[in-house]
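Here are my notes on the model you sent. Please read them with the structure open.

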Amino acid sequence: MSQELSPLPAPAAPQAHTWARVWPLLVLLVLWQVVALQAHSRTLPTPLAVLDVLFKEVASGDLPMHLGKTLMRVLISFCLAMVIGVGLGMLMGRSKRWDRLLDSFLILGLNIPALVTTILCYIWFGLSETAAIVAVVINKIPMVAINLREGARAVDASLMEVAQVYRLPQGERFWKVYLPQLYPYLFSSARNGLALIWKIVLVVELLGRSDGVGFQIGSFFHFFDISSILAYSLAFSAVIFLLEAVLMRPLENRLNRWRV
Amino acid sequence: MKRALSIAIESKRFANGHCAIGKLAFTAQAGEFVAIVGPSGAGKSTLLKIISGLDTDFVGSVPAPDSQRLGFMFQEPRLMPWLTVQQNLQLVDKSAHGARLQRALAQVGLGDCADLFPGQLSGGMQRRVALLRAFMVEPQLLLMDEPFQSLDAPNAEQLRTHLLDLWQATKPTVLFVTHNLSEALSLADRVLFLTPGPSRIALELPVDLPRPRGQHSAAVQALRNDLLTRYPDLLKGSAAPAE
């Protein structure tokens, strides 16, 4: 722990941060436009052509509908996977017995391809929404659990002793002493989780749903419609950027205020 | 309600077979300041863990930890780094806000630190918060485990002053573990010297010098020198008289 009196660092202007994040993307866009114009191929549309498709798809209402379906599936599976994974991770980080009992399943779960769980879920539970969600959740839980187990193992026993000596009620012990030690692990799980779950959801939709971004991309693939494929991916990336900017980063900054 | 503290440990053995504490029994009057001095490995920290209920694997009897309000100051400040000073105090005492909080902080010279995080405080200031936290619960028994050990001399002296002020205001029974003889003599009503593990009491010494008595005051130093002349190996845990 720092022994000096350290002043709070002056926060950099937020605009400067935003600009630093945006300009590499702009460079990419320009490069893409140049290369696509040069190549002049159906397989690489220009960004402007993609944007054009994007606007049309948004205007027709197709893209918002499918994107909405996909986001709903992502959200539900994300929440389920986080809650169950965090619970398992805490349990395994805390108790050696549970750790030994569940460890093999964790390794098994980490290594089963998403494709296999998805197909098995569809075969066993039918081509249903539930089967789709279950397939995604099963894919994600082991990663959350492993990450949180690391966190739970690293919990500082000396702070837990303080909680015990001062007879803190269970709720306070959990929320104010135990859980804050797991925040970094929770955040890394949530970040990876969102990215990974969206990828799995698309596979699940491709294989057995009749709506959602994955289903749409499957259809575009049949027609070799690259512009639409890119338009749908871009739309989802935009949503992720938004989530990161308005939810994840502000929340993380708030919870990390004390790290000065 | 204030009452005497009575400790009677038969033995404390660790899982590896090492016996840290032997037959160790003593009492402390309500409001008495007892210092416990012993060499490293004399089971001093273990003793406090047993009394506080953190360690229940021993033979003997101590008062049920739930039977009294307990304050504990550890070797390290052990503040929650993600809570502000105020939140750290509120963790143990819901009423730590407003005038009560300000008064408490002012007592230890931390008047404008309520909203700072521990990482923004110096080591000495963190320990003042830890000291305050121990007193916020209005303890009947206060356990202190070499709390000022890693501080420089002026900071340690200041914290000892704060400790005595707070102690005299509310008079909890204090068990103060240290290996610093001058510190023990300058603070305590009575000093218990422990033998190396398995520890027993080697010597019990009432100190009736008037307070305040600084650690480097002539009276304390004279007492210290006298003790060490009579019992040269006292700090190694032996009360064998000089030959």
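At what angle do helix 10 (residues 213-223) of chain A and helix 11 (residues 226-255) of chain A pack, and how far apart are their axes?

1. This is a predicted model. In it, helix 10 of chain A packs against helix 11 of chain A at an angle of about 160°. The axes are 9 Å apart. Angles over 145 degrees count as roughly antiparallel, so helix 10 of chain A is roughly antiparallel to helix 11 of chain A. The crossing of these two helices is left-handed.

2. Now the residues at that crossing. Helix 10 of chain A brings A:V213, A:Q216, A:I217 and A:F220. They meet A:S228, A:I229, A:Y232 and A:F236 in helix 11 of chain A. By class, this contact has six nonpolar, two polar and no charged residues.

3. Turn to chain B. Six strands form an open sheet there, in the order 6-7-8-4-9-10, with mixed pairing. Strand 6 and strand 10 (201-206) of chain B are the edges, and each pairs on one side only. Neighbouring strands are turned by 15° against each other on average, direction ignored.

4. Look inside that sheet. Strand 4 (residues 33-37) of chain B runs parallel to strand 9 (residues 190-194) of chain B, and four bridges join them. B:I36 stands opposite B:L192 in strand 9 of chain B. Helix 1 (residues 44-52) of chain B lies across strands 4, 6, 7, 8 and 9 of chain B. Its run is at about 150° to strand 7 of chain B.

5. Last, the contact between chains. Chain B gives 19 residues and chain A gives 20 residues. On the chain B side, strand 6 (70-73) and helix 2 (85-92) each supply at least two residues. That side divides into 12 nonpolar, five polar and two charged residues.

Terms used:
Residues numbered from 1 in each chain as written. Chains lettered and ligands numbered in written order. Predicted model: local features only at pLDDT ≥ 70, side-chain atom pairs only at ≥ 80, totals over all residues. Contact = placed C-beta atoms within 7 Å. Nonpolar A, V, L, I, M, F, W, Y, C, P; charged D, E, K, R; others polar. Pairing = 2+ DSSP bridges. Axes fitted to C-alpha atoms, helices over the stretch in contact; angles between N-to-C directions. Parallel < 35°, antiparallel > 145°, perpendicular 65-115°, else oblique. Left-handed = near helix turned anticlockwise from the far one by under 90°.
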